[in-house]
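Dear colleague,

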Amino acid sequence: MLTILTGLLSALSYASSDMFSQRVTRETRALTQMVWVLATGSVIIVPVALVVRGLPGAGEWTGAGLAALAGVLYFGALFCLLRGLNVGDLGLISALVSLQGAYLAVTVILLGEPVTPLLALALILCVVGAVLTSFEGRAGSTRGAPWAFAAGLLFTGVMLCYAYGDIDWLSQTAISRTVSLLIALPVALLSGSLAVPRALRSRAVGAGVLELSGLSLLTITFALGPATVAGVTTTQFGTFAVILGFVLLGERPKPNQWAGIACTIVGVSLLAAVV
């Protein structure tokens, strides 16, 4: 039950972070906001991890390496997502990226994680719900689809690194976030400005705090396990984005999005009953 709760809270944090980032990205550029988000997270989490956990010990280098790899993959996944959104339709790209929960569930099951028929049904409902809520309408073209598939696969790699890492969640978060920043910062500096208008800086930093919360809860969720449940609950950001848009912004979800929310609620309820 705690896995489900932390997974959903992670998805909610990511969806809220995206809402904060949206205006900043439009006023500046995606890579600039990406650096602000990563830098905010690093400034908060790295000192805390060093004080509480210290540097990884001699027996934790494998876990530290997986956390660093997660940071590399995270940067690649976010880059592919932004490239896909730049050339493709939002509905198509979001729906394809949301399949990462399905990729992860299938992967860990193939790696030997047990699954019952009722659990499999719950996982399928959650994945279908994520896809339906992310899809906003018929795509004008399939441009950007390869980038979206790549982003989904890379995000799956990130989650696998967390699932099979053998160090604590705090160290995982600090290492992966630092590595992502060390890659994003020089790329951003070489390609443009990092300046954000003063009026938008609170939004930029707020998005970073929420994104860090999402990442921390993500690593906690995978530490709690099982990975199948962690994968589908943490990828419900599309569902929460629709709900937040309806409650806070007055947006009207489409019928397929309401169906997706219903699938997610039923799926999560089944997960709570069987996990």
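From the N terminus on, the elements of the protein chain run α-α-α-α-α-α-α-α-α-α-α-α, that is, 12 helices and 0 strands. Please note that this is a predicted model.

Of the 275 residues in the protein chain, 48% count as buried. The accessible surface of the chain comes to about 12400 Å², with 71% of it belonging to carbon and sulfur atoms. Among contacts with a separation of 6 or more, 91% are between residues 24 or more positions apart.

The largest nonpolar core comprises 33 residues, and those with the most contacts inside it are M34, Y74, Y162 and F222. Elements giving two or more residues to this core include α2 (30–52), α3 (61–87), α7 (145–164) and α9 (201–224). Apart from this core lies another, of 15 residues, with A11, A122, F240 and V268 among them. In soluble globular proteins, nonpolar side chains tend to be buried together.

Not counting residues up to four places away in sequence, Y74 touches Y14, L38, F155, V158, R177, S180 and E211.

I also examined S16, which lies in helix α1 (residues 2–27). S16 has a relative accessible area of 16%, and because buried means under 20%, S16 counts as buried. Its side chain reaches the backbone oxygen of L12 at 2.9 Å. Leaving aside neighbours within four places in sequence, S16 is in contact with L210 and L244.

Kind regards

Technical notes. Residues are numbered from 1 along each chain as its sequence is written. This is a predicted model: local features need pLDDT of at least 70, side-chain atom pairs count only at pLDDT 80 or more; totals for chains, interfaces and linings use all residues. Side-chain values use heavy atoms; hydrogens and water are left out. A nonpolar core is a set of buried Ala, Val, Leu, Ile, Met, Phe, Trp, Tyr and Cys residues joined through side-chain atoms within 4.5 Å. Buried means under 20% relative accessible area, exposed over 50%, partly exposed in between (1.4 Å probe, protein chains only). Helices (H or I, at least four residues) and strands (E, at least two) are DSSP runs, numbered from the N terminus. Contact means heavy atoms within 4.5 Å. Accessible areas come from the Shrake-Rupley method with a 1.4 Å probe; for residues, only the protein chains shown count as cover. A polar contact is a pair of N or O atoms within 3.5 Å; within protein, one must be able to donate a hydrogen and the other to accept it, and residues adjacent in sequence count only if both atoms are side-chain atoms.
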